[in-house]
There are 4 protein chains.
Amino acid sequence: MIVIVKQGATKNSIEELKQELRQKGFDIHESKGTTTTILGLVGDTSSLTEDELLTYDAVEAVRRIREPYKLANRNVHPQDTVVEVCGRKIGGGNFQVIAGPCSIESEEQITEVAKDVCASGAGFLRGGAFKPRTSPYSFQGLHGDGLKLLLEAKKATGLPVVTEIMSAAHLDLFEDVDVIQVGARNMQNFELLKVLGKTNKPILLKRGLANTLDELLMSAEYIMAGGNENVILCERGIRTFETSTRNTLDISAIPMLRKKTHLPIIVDPSHAAGIRHMVEPLSMAAIAVGADGLMIEVHNNPSKALCDGPQSLTPQAFDDLMKKINKTVAFFQGN
Amino acid sequence: MIVIVKQGATKNSIEELKQELRQKGFDIHESKGTTTTILGLVGDTSSLTEDELLTYDAVEAVRRIREPYKLANRNVHPQDTVVEVCGRKIGGGNFQVIAGPCSIESEEQITEVAKDVCASGAGFLRGGAFKPRTSPYSFQGLHGDGLKLLLEAKKATGLPVVTEIMSAAHLDLFEDVDVIQVGARNMQNFELLKVLGKTNKPILLKRGLANTLDELLMSAEYIMAGGNENVILCERGIRTFETSTRNTLDISAIPMLRKKTHLPIIVDPSHAAGIRHMVEPLSMAAIAVGADGLMIEVHNNPSKALCDGPQSLTPQAFDDLMKKINKTVAFFQGN
Amino acid sequence: MIVIVKQGATKNSIEELKQELRQKGFDIHESKGTTTTILGLVGDTSSLTEDELLTYDAVEAVRRIREPYKLANRNVHPQDTVVEVCGRKIGGGNFQVIAGPCSIESEEQITEVAKDVCASGAGFLRGGAFKPRTSPYSFQGLHGDGLKLLLEAKKATGLPVVTEIMSAAHLDLFEDVDVIQVGARNMQNFELLKVLGKTNKPILLKRGLANTLDELLMSAEYIMAGGNENVILCERGIRTFETSTRNTLDISAIPMLRKKTHLPIIVDPSHAAGIRHMVEPLSMAAIAVGADGLMIEVHNNPSKALCDGPQSLTPQAFDDLMKKINKTVAFFQGN
Amino acid sequence: MIVIVKQGATKNSIEELKQELRQKGFDIHESKGTTTTILGLVGDTSSLTEDELLTYDAVEAVRRIREPYKLANRNVHPQDTVVEVCGRKIGGGNFQVIAGPCSIESEEQITEVAKDVCASGAGFLRGGAFKPRTSPYSFQGLHGDGLKLLLEAKKATGLPVVTEIMSAAHLDLFEDVDVIQVGARNMQNFELLKVLGKTNKPILLKRGLANTLDELLMSAEYIMAGGNENVILCERGIRTFETSTRNTLDISAIPMLRKKTHLPIIVDPSHAAGIRHMVEPLSMAAIAVGADGLMIEVHNNPSKALCDGPQSLTPQAFDDLMKKINKTVAFFQGN
């Protein structure tokens with residue numbers, strides 16, 4: 001952390017600042033320029049916020065040098081983390097496709113889709129029982145009943161399941177779920193993250209609509225600091241001024257996160273664009289930049305879907321896509 | 001809702017679409033242009049999403065005509081809502097200032113600040129016991145103990161209190177709290193909103209960092225749909241590309257929300273800018289555009305604040321500001 | 001400028017870097033931490049870009065300490081600049097209202113509006129002869145003929161005129177224009193800025209839709225570096241994800257720019273919101289935060305305006321607004 | 001275009017509106033709902049702006065149905081446009097790589113880089129002689145002398161050249177240039193676009209930092225409306241709140257533009273991220289989504305580059321990348 005001292009700050013105020021920083025355990029390197037004095041703080045600054053320093057009279061500005069996340073940081077943990085679920089690996093060169101409907105609607109629907117995506121080669125089944133909908137008047141999911149149907153579909157296919165949690169109060173219902181998803185709108189629901197940090201379930205953490213990569217990693221850090229290091233990151237599009245797509249897929253996030261962290265990173269092309277015909281090209285792009293997996297919405301009857309129909313693929317379209325995904329993963333892994 | 005029919009859609013697919021829409025209870029007005037056919041849906045479209053329509057083969061695009069919120073809509077409820085708390089009114093021409101520290105740190109701190117802001121004329125005391133911090137290594141608040149201290153400060157001053165809830169699991173602790181705040185990061189924590197809709201507490205709902213005004217109103221609708229119509233909206237800055245301020249205060253939101261809704265609207269200038277010297281000008285701007293109140297951070301020793309020190313005012317600075325606020329409110333109400 | 005040295009950089013690469021920086025005239029202060037070495041550069045860094053430093057193998061990151069603008073910087077020039085046009089002053093406590101139609105359409109229109117806004121107390125007349133329109137099929141302005149009509153309206157009223165330039169090739173036509181406006185879309189048309197820096201005309205420089213305050217000041221610096229220090233900055237709304245207003249007025253920009261620069265700062269509430277009923281509240285907000293003036297669109301027949309009709313005030317509405325503006329300016333200057 | 005009539009609008013005001021719209025040549029389809037009346041306009045609405053309609057008293061809102069661009073619209077011109085330069089084709093399945101330094105610095109530099117990228121298989125040479133720099137104190141390019149050096153490098157290698165124009169006043173200097181680039185900051189420099197529309201040079205039009213895809217197409221329309229239909233679109237990253245990359249590459253823009261327009265679309269991964277190690281993954285992503293080409297910065301000595309060094313590849317790194325590009329293009333074209 002670099003502290004830029006205010007021009008005209010009194011000697012006393014600078015001395016007081018330095019003394020307090022030393023009491024907090026930092027060594028201080030001072031550099032005096034013609035117009036500017038800067039203080040370099042040496043020590044572990046991860047628990048120090050810029051704000052704490054900015055409150056001192058003598059401080060003009062603060063520049064962070066080292067990232068505030070530790071457990072998620074590749075500097076600290078250089079090797080790729082591989083998350084293993086029911087014998088299936090994600091990360092470290094292991095690519096997985098998670099597929100299924102946006103929301104679980106009936107036994108027939110989820111089981112049929114599960115069998116289809118399993119036959120096409122998906123490694124995980126997704127399906128929402130708790131749905132975060134902008135409107136209270138929209139379908140909110142089947143809740144506990146939905147989770148039961150999802151677990152039946154798991155039995156029928158052997159596919160491990162991924163499903164979203166919206167409140168720590170529902171955690172008991174997720175006992176047999178394989179991967180718990182935290183949705184974009186809950187990325188900074190810190191109380192939920194803390195609770196999930198105390199479980200031993202793999203967590204699929206989606207990036208918020210307006211969150212930076214460093215904030216995503218700080219949210220992963222919340223889970224990891226609780227003891228649960230099985231975190232999978234998911235880029236699903238951010239909000240910008242562009243309106244022709246629902247969100248803007250930040251494809252650069254994948255190589256940038258790869259530098260910053262050792263955690264697996266997957267991409268959700270269905271939510272990123274919100275449009276069926278873009279799922280294929282965005283999936284190809286995700287593989288091309290080295291993502292560890294994809295999360296794709298599939299519905300047996302998209303025009304009757306209770307949620308996100310316009311971005312859902314039919315089982316047939318998904319089957320075609322899986323063939324391309326497999327060939328493309330093989331192509332890039334061979335290069 | 002207007003449905004734009006795809007060029008080249010078959011007669012059959014258009015007929016099927018029309019039939020299903022009629023089954024959902026809509027009357028349909030059809031307009032055929034030279035290149036485009038559009039269908040106007042007549043009926044209550046608030047439970048219909050654009051997505052449901054986009055899944056039909058015959059549909060190219062959908063344009064919403066009426067807002068999807070009802071209870072929060074000024075069209076439906078033309079008169080200003082006035083929220084009353086312990087005899088103090090917000091909205092409908094009643095202006096209130098909520099002041100206090102970012103986080104409750106000790107009995108001495110909260111009581112001292114409470115007495116100071118009360119003496120300066122604040123109408124409500126704020127103070128956080130549950131703090132949403134980006135980093136798990138930052139101070140997280142005193143939780144239940146903090147709420148106790150806050151209620152003691154209420155006793156000592158008579159000021160009703162406003163404090164943030166971060167999880168429905170903590171609701172019992174908020175029994176004696178006067179106004180429950182939902183923070184920006186939880187604006188779309190729909191499970192929390194639903195629980196708060198079942199309480200009879202006034203809710204102060206902050207706009208999310210990247211949420212539109214219509215989304216803010218849909219979140220208010222979640223609370224109101226549960227039966228609790230005492231919702232106060234709060235603009236606290238949105239995220240943009242500008243980095244010299246922490247957030248960008250969307251001052252236009254206040255007159256725009258005024259048109260859209262009957263709910264009271266307040267402004268938080270402390271979080272919007274994140275910088276002490278901007279609290280005064282942004283407070284003046286908020287009054288000038290007709291906000292119903294302000295929420296301002298005050299700390300008895302900002303340089304020792306455990307949270308948000310750089311944006312906190314000293315009690316003396318707050319006292320000076322309150323004099324200006326009172327004069328300015330009087331000036332604009334007299335015009 | 002602070003240079004953060006890469007972990008694991010070789011001694012040689014660090015030495016080479018230091019040597020080259022010394023050759024460029026900088027003194028270097030080195031601080032070695034446990035994991036990080038930083039170099040502080042002492043000297044004038046305004047011509048040095050972060051990029052130049054990032055190209056060195058030994059450099060991990062660069063943090064700028066001092067702003068890269070000099071002539072526009074309040075640190076260098078602490079007193080407010082007052083721009084004087086035909087005896088009218090803007091800045092340093094002098095408030096001005098610039099009013100008129102979006103585009104000049106006919107002699108009758110511009111002269112009538114000019115007389116009206118003059119009678120209401122506007123200090124300057126605005127009117128566009130060259131119009132930057134998104135579509136090539138929209139009205140593009142009357143060009144040279146429009147400027148002639150504008151100058152006739154000036155004669156008829158005595159109001160100095162402000163009008164937008166879109167190409168350096170048109171500069172000759174602007175000889176009798178009092179203030180030349182650079183529109184948001186040309187804020188980084190650097191060739192145009194350089195040409196205007198060689199004139200002695202006051203320049204009204206609008207902030208681009210997605211430009212930071214520092215970029216706005218760097219564009220002002222382009223004009224000032226050419227010798228023309230009569231620059232007036234204008235905040236006119238930035239682009240965000242919010243769609244209910246055309247742009248988002250960044251009201252915080254005014255107090256923040258006030259700290260950063262000595263140049264006068266005005267606000268254009270008409271373009272910021274794009275909606276007539278928001279012009280008054282946004283004007284009040286601009287005065288409340290200490291803007292040096294306002295730029296307001298007025299049209300004698302908004303429903304027939306060839307451009308920006310929905311945000312134009314009628315002369316009568318402008319007259320009412322001017323009364324409020326005058327009272328509000330007096331109120332805030334008296335406080 | 002759909003016009004939503006204000007609730008409570010008088011019969012007279014609606015009649016007047018309809019009459020004027022009929023006079024403008026539109027047929028009108030009227031739909032009366034329980035609370036809302038809408039008017040559908042039938043006819044060519046490309047020269048009609050939403051604003052013109054919003055000025056009428058009777059109009060509450062306007063929704064556009066058809067895009068306002070015609071010449072660039074794939075609906076009007078279904079087949080891919082192929083731009084041909086010196087016998088090299090871009091678009092319609094023809095992939096091209098444009099490579100070279102950010103700025104032309106010396107004869108030795110540009111010629112050396114030209115030979116290198118030519119040997120590696122680039123189809124075009126890029127190099128800037130007029131450089132849009134944020135700071136007036138940064139290197140601004142060699143101007144006319146730079147263009148001469150670029151043309152010498154063309155002679156030495158046979159590579160057609162691409163270089164940026166910053167002012168219509170410089171057009172004469174571009175006589176022998178093969179492709180004229182319009183930079184992101186000039187995307188809405190409409191006077192420049194109009195001048196380029198009168199030339200017969202292929203134009204490489206970069207998307208602005210905060211411009212929508214429809215605005216990009218409207219800028220292409222400016223050039224095409226002048227008679228020059230040889231426009232190549234370029235996605236180069238947009239501005240968002242994310243700060244770890246210089247810009248956010250909008251990879252979805254490529255498949256979305258492909259639907260909207262018949263013009264070729266290329267990607268500039270060097271500017272999108274601003275970081276060398278991201279050029280390769282972003283290039284792969286661009287190919288994966290079906291871009292028609294890439295524009296890549298190469299410098300023979302990046303650490304001495306006068307501009308954009310951190311994102312420039314060495315000739316050796318570019319050679320490695322070209323091999324991957326060729327294999328990847330072949331892979332995706334074979335699928």
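**View 1. Asp178(B) and Lys154(B) form a salt bridge, with the closest N and O atoms 2.9 Å apart.** A salt bridge here is a side-chain nitrogen of Lys or Arg within 4 Å of a carboxyl oxygen of Asp or Glu. The two partners come from distant parts of the chain, 24 residues apart. Asp178(B) sits in the loop between β9 (161-165) and β10 (179-182) of chain B, and Lys154(B) sits in helix α4 (residues 143-157) of chain B. Helices (H or I, at least four residues) and strands (E, at least two) are DSSP runs, numbered from the N terminus. Asp178(B) is buried at 9% relative accessible area. Lys154(B), at 23%, is partly exposed. Buried means under 20% relative accessible area, exposed over 50%, and partly exposed in between (1.4 Å probe, protein chains only).

The model is predicted: local features need pLDDT of at least 70, side-chain atom pairs count only at pLDDT 80 or more, and totals for chains, interfaces and linings use all residues. Residues are numbered from 1 along each chain as its sequence is written, chains are lettered from A and ligands numbered from 1 in the order in which they are written, and side-chain values use heavy atoms, with hydrogens and water left out.

**View 2. Arg74(C) pairs with Asp80(C) in a salt bridge of 2.6 Å, N to O.** Arg74(C) is buried, with 17% relative accessibility. Asp80(C) is partly exposed at 36%.

**View 3. Lys24(D) meets Glu52(D) in a salt bridge of 3.4 Å, N to O.** This pair also links distant parts of its chain, 28 residues apart. Lys24(D) lies in the loop between α1 (11-23) and β2 (27-32) of chain D. Glu52(D) belongs to helix α2 (residues 50-54) of chain D. Both side chains belong to partly exposed residues: Lys24(D) at 41% and Glu52(D) at 22%. Elsewhere, salt bridges with shared partners join Arg207(A), Glu235(A), Asp250(A) and Glu242(D) into one network. Over all chains, the structure holds 68 salt bridges.

**View 4. Chain A meets chain B through 45 residues from each chain.** Contact means heavy atoms within 4.5 Å. The area buried between the two chains is about 4100 Å², and carbon and sulfur atoms give 52% of that area. Buried area is the accessible area (1.4 Å probe) that two parts lose on being put together, summed over both. Thr55(A), Tyr137(A) and Glu191(A) supply 16% of what chain A buries against chain B, more than any other three residues.

**View 5. Two salt bridges cross between chain A and chain B.** One of them joins Arg239(B) to Glu215(A), with the closest N and O atoms 2.7 Å apart. On the side of chain A that touches chain B, α2 (50-54), α5 (190-197) and α6 (213-225) each give two or more residues. The largest share, five residues, comes from α6(A).

**View 6. Strand β14 (residues 293-297) of chain B is mostly covered, with five of its five residues buried.** Gly293(B), Met295(B) and Glu297(B) are buried on one side, Leu294(B) and Ile296(B) on the other. Strand β7 (residues 96-100) of chain B runs parallel to β14(B), joined by five bridges. Two strands pair if DSSP finds at least two bridges between them. Gln96(B) stands opposite Gly293(B). Strand β13 (residues 265-267) of chain B is also parallel to β14(B), with two bridges. There, Ile266(B) has Gly293(B) as its bridge partner.
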